[in-house]
Amino acid sequence: MNATNAFLWPIRVYYEDTDAGGIVYYANYLKFLERARTEWLRSLGIEQDTWLEHRIGFVVRQVQMDLLRPARFNDELRVTVVVERLKRASVEFSQQVFDNENNVLCQAQIRAACVNLGEVGSAVRAVPMPTEIIEVLKRAS
């Protein structure tokens, strides 16, 4: 992961994020990663709701995630986003979740595909990213 190009987003662990033992439930790391990617796009001027109006969206196609250490209720975390590979119809990210002592708690590789959501009831299909999005992502990578 190239730390110089990393986008950083702070996350606080809420009680609802934890299991009965006060440890972050594994699936909630996916939410943390998603929020960081959304805020990264927003910081670049890419508002997903605007593209959804044109029936263009991004869907996660593949996730590889390693949970290395537990996060707990009320921890302050930092989530990074780095573009590893930009393709015509998809983007691959490397993401990490850190605690306040800079320990890596979670690391993940995410592939998201650009899709045309079509009409309600029709099939969702992969499509090339709009040129406006590709250009912004190239500059940010």
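Searching the whole structure turns up five aromatic pairs. Here, rings of Phe, Tyr and Trp (its six-membered ring) pair if their centres lie within 6.5 Å; planes under 30 degrees apart are stacked, over 60 edge-to-face and the rest tilted. This is a predicted model, where local features need pLDDT of at least 70, side-chain atom pairs count only at pLDDT 80 or more, and totals for chains, interfaces and linings use all residues. Residues are numbered from 1 along each chain as its sequence is written, and side-chain values use heavy atoms, with hydrogens and water left out.

**Exercise 1.** Classify the aromatic pair formed by Y25 and Y26.

*Solution.* Step one: the centres are 4.8 Å apart. Step two: the planes make an angle of 55 degrees, so the pair is tilted. Step three: look at the surroundings. Y25 has a relative accessible area of 40% and Y26 has 47%, so each counts as partly exposed (buried is under 20%, exposed over 50%, partly exposed in between, with a 1.4 Å probe and protein chains only).

**Exercise 2.** Now describe the pair of Y29 and F32.

*Solution.* Begin with the geometry: 5.9 Å centre to centre and 75 degrees between the planes, which makes the pair edge-to-face. Helices (H or I, at least four residues) are DSSP runs, numbered from the N terminus. Finally, check burial: Y29 is buried at 2%, and F32 is buried at 0%.

**Exercise 3.** Find out what R37 touches, and whether R37 is buried or exposed.

*Solution.* First, locate R37 in helix α1. Second, its relative accessibility is 8%, so R37 is buried. Third, list the contacts (heavy atoms within 4.5 Å): leaving aside neighbours within four places in sequence, these are V60, V81, F93, Q95 and I110.

**Exercise 4.** Describe the setting of S43 in helix α1.

*Solution.* Start with the helix, which covers residues 26–43. With 48% relative accessibility, S43 is partly exposed. Then look at the side chain: one of its polar atoms lies 2.6 Å from the backbone oxygen of W40. Last, compare sequence and space: S43 and F7 are 36 residues apart in sequence, while their C-alpha atoms are 9.2 Å apart.

Terms used. Helices (H or I, at least four residues) and strands (E, at least two) are DSSP runs, numbered from the N terminus. A polar contact is a pair of N or O atoms within 3.5 Å; within protein, one must be able to donate a hydrogen and the other to accept it, and residues adjacent in sequence count only if both atoms are side-chain atoms.
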